[in-house]
There are 2 protein chains.
Amino acid sequence: MDNNRYIESICEKARNASRIIAKLSTGEKNLLLNRIAHKLLERIDYIVSENKKDLTAAGDKGLSDALLDRLVLNPDRIKGMAASLKEIAALDDPVGAVENMRVMPSGIRVGRMRVPLGVIAVIYESRPNVTTDIAALCIKSGNASILRGGKESINSNSALYAIVREALRESALPENIVTLIERTDRELVPVFLKMNNYIDIVIPRGGEGLIKMVKEISTIPVIKHDKGLCHIFIDAGADEETAKSISVNAKVQRPGVCNAMETLLIHKDYKYKESLIKALIDEGVEIRGCSKTVQLIPDRIKPASPEDWHTEYLDLILSVKIVDSIEDAMSHIAEYSSGHSEAIVTSDYLNAETFLREVDSSAVFVNASTRFHDGGEFGLGAEVGISTEKLHARGAMGLESLTTMKYIVYGKGEIR
Amino acid sequence: MDNNRYIESICEKARNASRIIAKLSTGEKNLLLNRIAHKLLERIDYIVSENKKDLTAAGDKGLSDALLDRLVLNPDRIKGMAASLKEIAALDDPVGAVENMRVMPSGIRVGRMRVPLGVIAVIYESRPNVTTDIAALCIKSGNASILRGGKESINSNSALYAIVREALRESALPENIVTLIERTDRELVPVFLKMNNYIDIVIPRGGEGLIKMVKEISTIPVIKHDKGLCHIFIDAGADEETAKSISVNAKVQRPGVCNAMETLLIHKDYKYKESLIKALIDEGVEIRGCSKTVQLIPDRIKPASPEDWHTEYLDLILSVKIVDSIEDAMSHIAEYSSGHSEAIVTSDYLNAETFLREVDSSAVFVNASTRFHDGGEFGLGAEVGISTEKLHARGAMGLESLTTMKYIVYGKGEIR
C-alpha cells in the first residue's frame with residue numbers, strides 16, 4: 001500500500017471510530033483509561049525491553065544525552081505514566097454539558113451542548129510518554145486520535161500502543177479509537193497534514209522547528225503550545241519585597257519554561273531599582289539593560305542590543321528596561337510580547353485594573369508570578385498546552401480545548 | 001506608494017487604533033454607532049447621488065439585474081441601514097464579561113475575561129449595506145476593522161466610509177478604527193490576506209467563489225458563513241401533521257437559504273410517506289428519490305443520481321431517501337451532510353435524544369424546522385453568519401464570535 005492510501009485508510013477508520021468514542025459514557029471512558037493504566041503496570045518488563053531497542057539504536061546513532069534521557073522508559077517513568085492516566089480518568093468529563101438553554105419567542109428551546117471535536121492528530125518528537133498521555137486526553141474528551149511519534153522511539157511507542165489496543169479490545173471497543181502510525185518515513189508527514197477531510201485538529205508536541213513545520217504545511221487547523229516572551233512591569237509604588245520575590249521567582253525558579261520572565265520593565269520612579277537588579281544578579285542572572293539600566297550598576301550590566309527585546313532566552317539572562325510610565329510599559333509589551341503572560345507589580349488600584357484590561361496577552365497577572373500560567377495552577381487538571389492563538393483556545397488549554405459546541409433545539413412542531 | 005506598502009501602512013494604523021477601540025466603554029461605542037446612524041439619515045441625498053455613479057457604471061458594463069439590485073441604495077434601504085446600526089447599539093456588549101473566577105490553592109484568583117479580537121478584515125462583494133453593517137458589528141465588539149468591498153460599489157462605499165470617518169472624528173476617536181481600502185485593483189487582495197501579523201481574523205462575505213478564494217490564499221484565520229446541505233429525518237412514529245408542516249416549511253418557505261432542507265430521510269415504517277411527498281409536490285417541489293421512493297408515486301418522482309445526495313439545490317428540488325432505521329439515517333447524514341443543520345421529527349423519546357446527541361452538526365433540531373437556525377431566532381441579535389467550522393465559532397455567530405477570552409489573575413504577591 002502506498003503512503004497516501006495507507007494514511008487515508010487510517011484516517012477513514014479513525015473517522016468511523018470517532019462516532020463510537022463520542023457517545024461513550026464517562027464511566028466507560030474512565031474504565032478504559034484505568035484498564036490501560038493497569039496494563040502499563042503489568043507490562044513494565046515488556047515496555048522496558050522494547051524501549052532498550054530504541055536506546056541501543058539511538059546510542060549507535062550518537063544522539064545527545066538530553067535526547068537519550070527523554071527517550072528512556074524505566075519502571076519509575078512507566079509508573080508515572082500510569083498515574084497520569086488515572087488522573088485524567090479522575091477529571092470532569094467536559095462532554096455533554098449544556099449551557100444557556102432558553103425558550104425563544106417562537107417557542108423553541110435553544111441551548112449549546114459541548115461535544116468532542118472528532119478526530120485529533122498528534123505529531124510529537126521522541127518522548128514515548130506522550131503516546132499514552134495524549135491518547136488518554138483524547139479518550140477522555142471523546143475523540144479518536146491518530147498519533148505519529150518520533151522515529152527514534154518507534155519500538156517504545158509500538159509497545160505502548162499494543163497495550164492501548166489490547167485495552168480497547170478487552171473493552172469491546174473499536175481499536176481505531178487510537179491509532180499509531182507505525183511507518184516512520186518522513187514523506188508520510190505532509191500527506192498526513194493534508195487530511196483535513198478526516199481530521200479536525202492537529203496538535204504538534206515538540207520543539208519550535210516541529211511546530212513551525214506543522215503550521216506551514218497543515219491544511220488542518222493547528223492547536224499548539226507556544227513560546228513565551230513574558231514581561232513583568234514594576235510600577236512606581238510597588239512594594240519592595242513583592243517586586244523582588246515575584247521577579248526572582250519568574251526568572252529563576254525554572255528559567256527554561258515558556259512562562260518564565262524574559263524582560264523586566266521598571267518604572268523610573270520605583271525607588272528600589274538597584275536592589276531589585278542586584279537581587280537578580282545575586283541569583284546568577286545576567287542582566288542586559290537599556291542605557292538607563294546600565295547606569296545603575298555599570299560594571300555588572302551589559303547593554304541590551306535591539307534583538308534582546310525580541311529574545312526568549314529560556315536561560316538565566318534577562319532584558320531590563322526603565323520606562324517613564326505604565327503607558328510606556330504597555331506599549332513596549334504590545335510591540336515585543338509574544339502574547340503569552342505578562343504581570344504588573346503595583347500597589348495602585350487604577351494601574352492594576354488598566355494593565356489587566358488593556359494588555360492583550362493570553363494571561364495577565366496582578367501581583368503574582370507569570371510562572372502560575374499553567375493548567376494545573378489554573379485548575380484545569382492535565383494540560384494540553386498553552387496557546388497564544390486568539391481563536392478557539394487561548395492560554396492554558398485543558399480537556400475543553402479538545403471539544404467544541406453545537407446548538408441543540410427542542411421543539412413541539414414549530415415552523416417559521 | 002506600492003500596493004504592499006499601502007496595505008501594510010493601513011494594517012499598522014488599524015493595529016494601533018485597535019488598542020483605543022478595545023478600551024472604549026459600552027456607552028462610548030453606542031454613542032458612536034448612533035452618531036453614524038444619525039448621519040446616514042442626514043446624508044441620504046449625498047449617498048444616493050454617489051450610489052448613482054456606481055449604478056451608471058454598472059449599467060454600462062452590463063451587470064445582471066440581480067447584481068444591480070444588490071448595488072442600489074435608495075432612501076428606504078439607507079433608513080434600514082441606520083435602523084440596523086441602532087439595533088447593534090442596543091445589543092449587549094460582550095466585552096469585559098468575566099467568567100468562572102475562582103480562588104486556587106496557591107491563593108491566586110483566576111478567571112477569564114472576554115476581550116476583542118483586535119483587527120478584523122472583511123472582504124465583501126458589491127452590497128454597500130455591508131459597509132456600515134460590518135463596521136458596526138466590529139465597533140460594538142471593540143475591534144478595529146479594515147473593509148474591502150467590491151469595486152462596482154466603490155463610490156457608494158467611499159461615501160458611507162466618509163460618513164463613518166466623520167462620526168469617528170466628531171467623537172474624538174482615531175479614524176483608523178474603521179478603514180476602507182479605496183484602491184480597487186485585484187492584486188491587493190493576496191497582499192492583504194497575508195497580513196497575519198496585523199490582522200486577527202478575516203471574514204469573507206459573499207458567494208462561494210469569494211469564500212473559497214479567501215480560504216485558499218489567507219494566512220489569517222478565516223471566519224465564514226457556510227453553505228448548508230441540511231437533512232430532516234421523519235421517524236417511524238412521527239406525527240403526520242408535524243412531519244408535513246416541518247418538511248414543507250423547511251423546503252418551501254425560503255428555498256434559497258442555507259438552512260433550508262435539501263434531503264428528506266423517511267423511516268420505512270412511517271405510515272404517511274406518500275401523503276408527505278404529495279404535500280411537497282403540491283407546493284411545487286420537484287422530488288428526486290431513491291428507488292423505494294420512486295415506487296411510491298412513479299410518475300411524479302425522478303430517480304436521484306449519486307450526485308443528488310451531495311447537492312445543495314437552493315431551489316424547489318428535494319432528494320428523498322427511505323431508510324431502514326434511525327442508525328441508517330444518521331449514517332447517511334454523517335456521510336453527506338455539510339454539518340450545518342439537521343432535524344428529526346419523532347414522537348419517540350429515546351430516538352429524539354439519540355439524534356440530538358449523536359448527529360455532529362452545528363445545530364440539531366427535534367421537532368422543529370431547520371429554518372430556525374438563525375442568529376435572530378437563536379436570540380443572538382445581529383448575525384455575523386453561520387459557521388460549519390468546529391473551532392472558535394460553530395453555528396449561528398453573534399457578536400461573541402468577534403471576541404476571545406484571556407485569563408486574568410489577581411494575586412497578593414504569590415510565587416511558585
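So, A:Gly289: buried or exposed? This is a predicted model, by the way. A:Gly289 counts as buried, because 25 other C-beta atoms lie within 10 Å and the cut-off is 20 or more. As for where that is, look at strand S9 of chain A, residues 286-289, which contains A:Gly289. Its contacts, once you skip residues up to four places away in sequence, are A:Val294, A:Ile301, A:Pro303, A:Ala304 and A:Val320.

Let me zoom out to the domains. In chain A, domain 1 comes in two pieces, 3-225 and 399-408, and domain 2 is 230-372. Going by C-alpha atoms, the centres of those two domains of chain A are separated by 37 Å.

Next, a couple of helices. Helix H7 of chain A covers residues 154-170, so 17 residues, and at 1.5 Å a residue you'd expect a span of 24 Å. The end C-alpha atoms of H7(A) are 24 Å apart, so that agrees. Which residues of H7(A) are buried? Among them are A:Ile154, A:Leu160, A:Tyr161, A:Ile163, A:Val164 and A:Leu168, and the list also includes A:Ser156 and A:Asn157. The cover over the buried residues of H7(A) includes helices H2 (26-42), H3 (44-61) and H6 (129-140), along with strand S5 (178-180), all in chain A. Just past the end of H7(A), A:Ala172 has a positive phi of about 55°.

Over in chain B, helix H6 runs 129-140. Its 12 residues should span 16 Å at 1.5 Å a residue, and its end C-alpha atoms sit 17 Å apart, which agrees. Why call H6(B) largely enclosed by the rest of the structure? Because 11 of its 12 residues are buried. That buried set includes B:Asp133 and B:Lys140, as well as B:Ile134, B:Leu137 and B:Ile139.

Okay, how do the two chains relate? Chain B superposes on chain A with a rotation of 180° and 0.0 Å of shift along the axis, at an RMSD of 0.0 Å. That's the relation of a two-fold axis. In chain B, the C-alpha nearest that axis belongs to B:His392, at 1.9 Å. Both copies use the same surface, with 100% of the contact residues of chain B recurring in chain A.

The contact itself takes 55 residues from chain A and 55 residues from chain B. On the chain B side, the elements supplying at least two residues each include helices H10 (240-252) and H14 (349-358) and strands S13 (363-368), S15 (395-397) and S16 (403-414). S16(B) gives the largest share, 11 residues. By class, that side of chain B has 24 nonpolar, 16 polar and 15 charged residues.

Last stop is the core. The largest nonpolar core has 227 residues, and the ones touching the most other members are A:Val202, A:Val409, B:Val202 and B:Val409. Take B:Val409: leaving out residues up to four places away in sequence, it touches A:Ala363, A:Phe365, A:Val366, A:Ala368 and A:Phe372 across in chain A, plus B:Ile108, B:Arg109 and B:Val110 in chain B.

That's my tour, thanks.

Notes:
Residues numbered from 1 in each chain as written. Chains lettered and ligands numbered in written order. Predicted model: local features only at pLDDT ≥ 70, side-chain atom pairs only at ≥ 80, totals over all residues. Core = buried A, V, L, I, M, F, W, Y, C linked by C-beta atoms within 7 Å. Contact = placed C-beta atoms within 7 Å. Domains from an automatic or database assignment. Helix = DSSP H or I, 4+ residues; strand = E, 2+ residues; numbered from the N terminus. Expected span 1.5 Å × (residues − 1). Least-squares fit on C-alpha atoms with pLDDT ≥ 70 in both. Nonpolar A, V, L, I, M, F, W, Y, C, P; charged D, E, K, R; others polar.
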